[in-house]
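Open the structure in your viewer and keep the selection tool at hand. This tour goes stop by stop, saying what to select and what is there.

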Amino acid sequence: MGKDECKTMLDALNKVTACYRHLVIALGSTSDSQNLREELKKTRKKAQELAVANRTKLTALLKDKSISKDDRAEYERLWVLFTSSMELLEVDMKRSLEIGQDFPLKVPTRHLIQTGMTGSTTTVAARAMSVQNMKYEADANIDTVDLKELETEIAQVDQMMEEMEMKVQVAPWAVEAKQEAGAELKSTVSVGNSSVGVISICEEEPKETVEGETGLMKVFAGIIFTVVLLIAGILGYLVINL
Amino acid sequence: MTIRSDRDHGQRYRPRMSCLKKLEATVVQMQDPSTGVKGTDQKLNITTIPHVITGQDIVAWITKNVNIDNDEAQAFGTMLVAFGYIYPLQDHKKLVLRPDGSLYRFQTPYFWPVQKWKAEDTDYAIYLAKRNIRKKGVLHAYEQEEYNKLHKWMNHKWDFIVMQAKEQYQFQSLSKADRVVFDCQERAYWIVHRPPPQTHSAMDYGLDRHIDRNAEEKKTYDYYRRIIIYTQQAVMRSRVKSSVSLGALAKYITTFKNHDPFLVPCLPSNPWHTDDNSYWELNAPDVEIPTKMSVERWSFSFYELLNDPRGRADFKIFLKKEFSGENLAFWEAAEELKWGTAASMSEKAEQIFKTFLAPGAPRWINIDGRTMGLTVKGLEHPHRYVLDAAQTHIFMLMKKDTFYRYLKSPVYKEIQKKAISPAPHNFSEAQLQQNMRNRRPSINPIITWQKEQEEKAKAAAAAGPVDIKKLMASKLDRK
């Protein structure tokens with residue numbers, strides 16, 4: 001069915017958008033490197049392919065006049081999903097161009113911002129490209145060459161968005177979302193202990209109250225223990241004496 | 001619908017924030033591992049996160065490299081934190097630079113404030129959704145409110161927002177330290193751009209502009225025509241010699257310099273600083289005894305005297321004693337005509353003519369023949385500014401003659417003696433806090449307006465044309 005195909009493609013585009021945003025956030029910081037620039041390039045290309053595929057599919061579906069009203073509403077909803085993804089992608093691409101220009105890699109003294117992030121972003125990129133391991137094969141001056149390509153790609157995306165706006169007559173505000181508020185809480189994949197650890201690190205307030213409570217408990221336990229010891233001692237003394 | 005920043009058909013541009021680019025240069029210098037601020041590691045349970053700096057190191061570095069003194073360096077550092085280039089690790093909601101051992105970290109360039117990129121609502125919604133997942137539905141009150149609002153307004157995009165939030169939440173494959181840093185960074189970004197209630201944001205910039213300040217204006221025919229008209233009008237303006245204007249400015253400054261609340265602390269205390277209303281109460285329009293500062297101010301110029309309602313009342317008392325109140329009454333009536341409603345204008349004009357301008361009127365004012373002729377002619381078709389010439393004439397009369405007599409009169413001297421000079425308040429920290437808690441809204445403006453109207457009615461009744469016959473009759477009766 002056209003709908004399911006569309007949904008899977010949109011999911012993939014969504015994943016790639018999220019990964020691209022994560023990579024752009026790491027740009028210019030200490031986890032920036034040659035590899036990161038290459039990852040950005042690859043993710044971007046993948047995003048563009050997906051975008052073009054999505055667009056052709058959705059425009060074909062929407063142009064079809066012979067579909068039912070429910071179907072049309074569904075396709076409009078998917079169209080809104082698609083345009084929102086593309087907007088995010090476009091903004092991220094423009095920002096990566098600016099940050100890439102401000103923080104070149106090939107200068108004798110790199111001044112990347114010491115943000116505290118030191119790990120690499122290989123896994124994120126691998127997730128975006130849906131591969132197990134990333135292969136890095138780019139040449140040394142990727143940052144300058146890539147930026148020129150990036151400019152042309154941004155122009156392409158711009159043009160695509162303009163066309164989309166003009167040609168497809170979908171009123172975004174008329175679309176009703178299927179998820180209600182708080183829907184994200186219901187079906188998140190359980191992420192194990194690691195996220196709990198992150199919670200306790202980032203938030204100081206709950207940590208303090210938790211510590212206060214355990215301290216109190218410890219004091220109580222100590223008191224009860226000493227009372228029990230005392231009673232045992234007294235009983236033993238009485239037993240010995242009697 | 002999202003307003004995309006480039007294809008913004010609504011044409012909203014943020015004004016130039018030129019300080020941001022300059023701050024960026026400073027921050028890049030600051031974080032240099034060799035010449036910048038020295039970074040240490042932050043230990044959290046078992047993970048260590050590098051690149052942590054202390055407040056006092058930051059202040060010391062700024063003092064040395066930007067070459068300013070300690071207080072200014074602290075203010076500069078606070079601006080860096082307020083803009084979001086550095087974020088605090090402890091007490092993350094208060095964006096202040098503390099010059100002690102509190103820890104800070106640099107923000108990644110993606111989250112730096114840029115004039116072109118506004119913090120979008122879509123991104124904020126995604127962030128709130130992620131936070132919702134993390135905190136299992138328990139958000140701060142203001143965050144919950146924003147979440148509900150965004151859900152209502154961006155309902156058409158909500159599927160997208162939920163999908164993105166779930167995707168972005170899945171980055172568990174990074175190392176723990178990186179994840180912590182990532183979360184802290186994002187949280188710091190949103191505290192700067194969506195400040196919690198009752199905090200100030202450094203990103204407040206007023207209104208959006210219609211023109212993109214960064215783009216060059218196209219030099220079309222209309223542009224040149226506009227420039228030509230502007231320069232022609234500029235050439236035609238009357239010029240004043242700078243010696244004259246600077247002299248006037250210097251004179252103004254020397255006269256008023258003790259009355260400026262920015263230069264000299266106002267007595268008893270600035271209500272905006274100490275939350276204590278005494279200053280406003282002492283300078284209220286209907287106060288019995290004015291302050292020494294106001295009385296001094298009345299002697300500077302006639303305009304000041306008339307502008308201060310208490311001064312005007314005093315001047316009225318003086319004029320009553322001298323039986324020459326009609327000038328001031330006419331001036332006030334002309335002001336009322338100027339500022340009044342259009343519907344009441346013709347009626348007011350009639351009244352004024354009957355009371356002040358008609359030959360043989362009860363309160364006839366003494367203006368020269370030419371002005372009188374012009375005014376009477378204008379009153380046939382009254383408009384707002386028909387009494388302007390007469391009003392100016394009367395004003396100059398009062399200024400040149402009556403004002404100086406007033407300043408030498410016993411009325412003024414008496415009020416000078418009676419005027420109070422309030423002692424400056426010296427509130428301690430605890431008292432300031434208490435004042436802040438005891439803040440109450442002031443008197444309802446409707447009540448003040450009603451009081452004013454009552455006063456005016458009373459004054460009008462008292463100043464009406466004195467019927468000599470009745471007055472004599474009452475006197476005769478008593479006899």
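The stops below run from the contact between the chains to single residues in a predicted model.

**Stop 1: the two chains together.** Colour chain A and chain B separately. Between them, chain A and chain B bury about 6700 Å², and 59% of this area is on carbon and sulfur atoms. Now select A:Arg95, A:Gln114 and A:Glu184, which supply 11% of the area that chain A buries against chain B, more than any other three residues. The whole contact takes 75 residues from chain A and 72 residues from chain B.

**Stop 2: an annotated stretch of chain A.** Select residues 219-240 of chain A. An unreviewed UniProt entry annotates these residues as "transmembrane region". In the model, residues 219-240 of chain A are 100% helix and 0% strand, with 32 Å between the end C-alpha atoms.

**Stop 3: a helix pair in chain B.** Two packed helices are described by the angle between their axes and the distance between the axes. Select helix H4 (residues 121-134) and helix H5 (residues 141-153) of chain B; their axes are 10 Å apart and the packing angle is about 125°. That angle makes H4(B) oblique to H5(B), because it falls in neither the roughly perpendicular range of 65 to 115 degrees nor the roughly antiparallel range over 145. The crossing of H4(B) past H5(B) is left-handed. To see the contact, show side chains, including B:Tyr124, B:Leu128 and B:Arg131 of H4(B) and B:Tyr142, B:Glu146 and B:Leu150 of H5(B). Sorted by class, this contact of H4(B) with H5(B) has seven nonpolar, one polar and four charged residues.

**Stop 4: a second pair in chain B.** Select helix H18 (residues 388-408) and helix H19 (residues 410-418) of chain B. Their axes come within 5 Å and cross at roughly 50°. H18(B) and H19(B) are therefore oblique to each other. Which residues meet here, in H18(B) and in H19(B)? B:Tyr406, B:Leu407 and B:Lys408 in H18(B) meet B:Pro410, B:Tyr412 and B:Lys413 in H19(B). The contact of H18(B) with H19(B) has four nonpolar, no polar and two charged residues.

**Stop 5: two backbone details.** Select B:Pro268, in the loop between helix H9 (242-256) and helix H10 (271-274) of chain B. The peptide bond from B:Leu267 to B:Pro268 is cis, with omega near -10°. Last, go to B:Asn67 in helix H2 (residues 55-67) of chain B. B:Asn67 is not a glycine, yet it has a positive phi of about 65°.

Note on methods:
Residues are numbered from 1 along each chain as its sequence is written. Chains are lettered from A and ligands numbered from 1 in the order in which they are written. This is a predicted model: local features need pLDDT of at least 70, side-chain atom pairs count only at pLDDT 80 or more; totals for chains, interfaces and linings use all residues. Side-chain values use heavy atoms; hydrogens and water are left out. UniProt positions are given in the numbering used here, feature names are shortened, and annotations may be inferred rather than shown by experiment. Helices (H or I, at least four residues) and strands (E, at least two) are DSSP runs, numbered from the N terminus. Axes are lines fitted to C-alpha atoms, for helices over the stretch in contact, and angles run from 0 to 180 degrees between N-to-C directions. Angles under 35 degrees count as roughly parallel, over 145 as roughly antiparallel, 65 to 115 as roughly perpendicular and the rest as oblique. A crossing is left-handed if the near helix is turned anticlockwise from the far one by less than a right angle, and right-handed if clockwise. Contact means heavy atoms within 4.5 Å. Ala, Val, Leu, Ile, Met, Phe, Trp, Tyr, Cys and Pro count as nonpolar, Asp, Glu, Lys and Arg as charged, and the others, Gly among them, as polar. Buried area is the accessible area (1.4 Å probe) that two parts lose on being put together, summed over both.
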